[in-house]
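We will go from stop to stop, selecting a few residues at a time.

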Amino acid sequence: MEEFDIIGQPLPKVDAVNKVTGATPFADDLSLPRMLYAKLLGCHHPHARLKAIDTTQATALPGVVAVITGADLPVKYGIIPSSQDETGLAGDKGRFVGDPIAAVAAVDEETAERALELIQVEYEALPAYLSIEEALDQKGEPIHDSGDQGNIHKLVSLEYGDPQAGFSQADYVRDDTFFYQGNTHLPIEQHAALAHYTADSRLTLWSSTQTPHYVHRLLSKALGIPMSRVRIIATPVGGGFGGKCDLFGHEIAAAKLAMITGRPVKITLTREEVFYTHRGRHPVLMWVKTGVRQDGSITAMHFKTFLDGGAHGSYGIASTYYTGALQTVTYKIPAYKFDGLRVFTNKPPCGPKRGHGTPQPRFALEVQLDKIAEALGLSPVDIRRRHLVEENSHTVNHLRITTCALDECLDKVVKASGFREKHRQLAYGRGIGLACGSYLSGAGLPIYWNDLPHTSVQIKLDRGGGVAVYCGQADIGQGSTSVLAYTVAEVLGVGLDHIQLTVADTDLTPIDLGSYSSRVTFMMGNAAIQAAEKLKALLLEAAADMLELPVGALAARGGRIFCVDDERRSVPFEQAVQRAEAQHGALVAMGSYTPPKLAGPFKGSGVGPSPAYSYSACAVEVNVDPQTGEIKVEKIWIAHDCGRAINPLLVEGQIEGGVYMGLGEALMEEQSFRRQQHKSPSMLDYKSPTTLETPEIETLIIERPDPGGPFGAKEAGQGPLLPVPPALANAVYDAVGVRIDEIPITPEKVLKALDLKRQGKAARVGPKGIPNVTFPKPVWVEPHSGAPKLEAE
Amino acid sequence: MKQLITLNVNNETIEVYTAIHKTLLEVLREDLQLTGTKHGCELGECGACTVLVDGEPVLSCLALPIELEGQAILTVEGLAVDGELHPLQQAFADNGAAQCGYCTPGILLTAKALLDHHPHPSRDEIRQALAGNLCRCTGYAKILDAIEAVRVP
Ligand code: FES
Ligand code: FES
């Protein structure tokens, strides 16, 4: 008999039919009787004091029901407890072009829009800071009066072991600088929310959010109403990628307007506003110095990152630490130093995008490794493959590694792509590049400190055989609701048609922290198994009574409970349910999951730990036209270690989507600014790959079950993005011999580098250096005892 | 200014009294409560709002209903017939071609128009036909697979 009935099957998602018939209710599809429509007024300056806002004319416009400004929403909040610098609408100052400063509720969108034009704002322009350099060279008023100093939001410095000794023992040391441009999530669904405040003083907010719990907490704070009177329902999300993880001004404004008017208020952002809402990939400037021995083993690494944070803290403190955290989980590093700095700038706030803070350093690390391999005459495969982290070990910065199938990932990708036969052997213009990556299966710590479970699942059995499952998780398209159904059905041994799901509703469902950090399958899956196992125990006991057999002789599968040695002796699932209900009363069980305590004994250790890491290896083959600089990606091979594929069809989908998104970042996506304004706040100007630019992707799923994961599963949603940009950069070098140490790799940059090469100069385009910043004295950390050691020569 | 317009949507003749400058997208979603048609930009840039008019893909965010009287408008709600999914819908479900599902209605209709005119397109021809429909979730791979599963070989 197969090990599982449902786990491992390429099944359609439980909500697939709703999605293909247009029946899935997204936030903007909702409407309520007497609903009003809200619109936001965005700030016209990148940095300006709001001296006066006159809303008289707007309020007087027929059809306008309410107008609010920052004065109505004075409470500061922020997703990270130590970074409280946002308000629902800007109060004292506007901090970027598009920063919401007022909101109107009217009988229709058109009237609301007309009212916006009637709001008069008196600005006092302040000096604007549009880049890391400008922010550091702060002459006038800083953007916030919070943060570490001036425009510096966060400065960190950590040292693990003895990098000095490591560098001195190296045979070869090099340092490089890299830049990774910011880009945005570009979900096809524009953010939308519907707020309803009822006569009993209860507020309900339907919103396209990935994190209903965090919205619950923060909205209650921003509005000053207790969480017990606020209900958040996360509607199915039409693409998230990290962009719908925060509480946003439009959600607060809609809720406030609903409270003031007593009528339901809906708000849907325009596409331009989605660009301003952002919370996307941080632009990061990087400097990395690495020491290696002749055999390519790393003796020490020093990494500096400079993050351009945009106008608010948001997740920025976590993002900053993430740019230094996961360098150590792929190859053995015995000594490591990390300096990180995040500045505020007058641009839309950055935050978490798929890979949160880790694709930028991964790009730098993997490209530098390619350079090191060449300098030492090693193959890019061997330099990686020979120095992988050990399974069941720790890293120098106290991250616990459980399973790691990166060896197998590399072997499979190298073989499938023919890397060894192609690398440095293809005709001029053609090239192949290789890179690896790793990502968390859920953050080991929550965003705000607490020792509560990260997720809980409740199951209620109906005497008709129905299995009602409740969980606060929000499906953003990755299929987490389906995973919930699969795990429960597998454990209880029933078909998926028995399962009814209620999700993402803070009134009805037990908590889940949200769809971020690739945590849901791993954490919710474990909670679901725990809840289902409790009920299964009761059902087996009941069936044992009925069959007069010991519990140990029974199994639950295929909608019945039967004797393993004689399948004819069985009871149908619903009869076992009825018997168990007669014995115990209502059949309801809870399961919860709290990650093991994984943080190391130092400040800053909260970012990076995860109960398990996924691994991926990727090869990219390109064709570069030396005349035009154009890069055509011929094919991408990717192998991803996800522990176990709960549903291989969905895992493949996550891998392909991640590869596509990584490729978009690597080739074209760019959140850039001109004359203090967003250069491309439209889908036409912000280039993203269409079917024509997206190549064939060969996906290899590597399964090595992780003992901590549900059925052995680890993540698949974010990790596969990471190796794509560096593999592409390495492929471009293989094709035409130029180094583009900067993302995106555009035709202009390739042409510029080729030109430099023709002139006999260094054939490289990338940042020239890093700002002159004195980092604080690092916090010194004794390496974990299970970490790789610096071997004496 | 409002006017009474007669539209043929999903084989149903519907009279709607609406502002004449409203787009087809708005009339479908707001006046007719046919919210299956989505929007990602309302500027003709993403393809999410695609519907078929007399069998041809049209961006409903740029179309005016007043100009479409007498023409057959097909939205995602009209694809399944008598409770039977259209083969493309079934293939999208079976192949995992809808992740968040937000781009799906527009892509289904674009694909239907392609296959109606051209029952055996190559993978590259499918790519060409879908070049105006953005999807951020799938990397397009499973969408192409699903359409290939339905084309006449
Ligand atoms: S909404 Fe019509 S093309 Fe984007
Ligand atoms: S499935 Fe999400 S945008 Fe296509």
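**Stop one: a strand with neighbours**

Select residues 36–42 of chain A, which form strand β1, together with β12(A): three bridges join the two, and they run parallel. Keep in mind as you look around that this is a predicted model. To find the pairing by eye, pick L36(A), which stands opposite V265(A) in β12(A).

Four bridges link β9 to β12(A), and here the strands run antiparallel. V265(A) is again a handy landmark, with A195(A) standing opposite it.

Stay with β12 itself, residues 265–268 of chain A. Are its faces covered or open? Colour V265(A) and I267(A) on one side, then K266(A) and T268(A) on the other: all four are buried, so both faces are covered, with buried meaning under 20% relative accessible area.

**Stop two: a four-stranded sheet**

Next, move to the open sheet whose four strands follow the order β21-β20-β19-β25 in chain A, with mixed pairing. Select 499–503 (β21) and 587–593 (β25) of chain A: these strands stand at the edges with a single partner each, so one side of each has no neighbour in the sheet. From one strand to the next, the twist averages 20°.

Zoom in on β20, residues 467–471 of chain A, which runs parallel to β21(A) and is joined to it by five bridges.

Residues 520–547 of chain A make up α15, which lies across β19 (455–461), β20 and β25 and runs at about 150° to β25(A). Residues 573–584 of chain A give you α16, which lies across β19, β20 and β25 too, at about 95° to β25(A).

**Stop three: the cavities**

Rolling a probe the size of a water molecule over the atoms shows where empty space is left. How many cavities of 30 Å³ or more does a search of the whole structure find? The search finds six.

Helix α9 (316–325) and strand β7 (152–160) of chain A each supply at least two lining residues, and α9(A) gives the largest share, three. The lining has nine nonpolar, seven polar and no charged residues.

Finish at the second largest cavity, with about 60 Å³ of space. Select L326(A), Q327(A), T358(A), P361(A), R362(A), S438(A) and L722(A) to see its lining, which has three nonpolar, three polar and one charged residues.

Definitions and conventions:
Residues numbered from 1 in each chain as written. Chains lettered and ligands numbered in written order. Predicted model: local features only at pLDDT ≥ 70, side-chain atom pairs only at ≥ 80, totals over all residues. Heavy atoms only, no water. Pairing = 2+ DSSP bridges. Axes fitted to C-alpha atoms, helices over the stretch in contact; angles between N-to-C directions. Contact = heavy atoms within 4.5 Å. Buried < 20%, exposed > 50% of the residue type's maximum accessible area, 1.4 Å probe, protein only. 1 Å grid on protein atoms, 1.4 Å probe; cavity = no way out; pocket = protein on both sides within 12 Å on 5 of 7 lines; lining within 4 Å. Points joined across faces, edges and corners; volume = space filled by probe spheres on them. Nonpolar A, V, L, I, M, F, W, Y, C, P; charged D, E, K, R; others polar.
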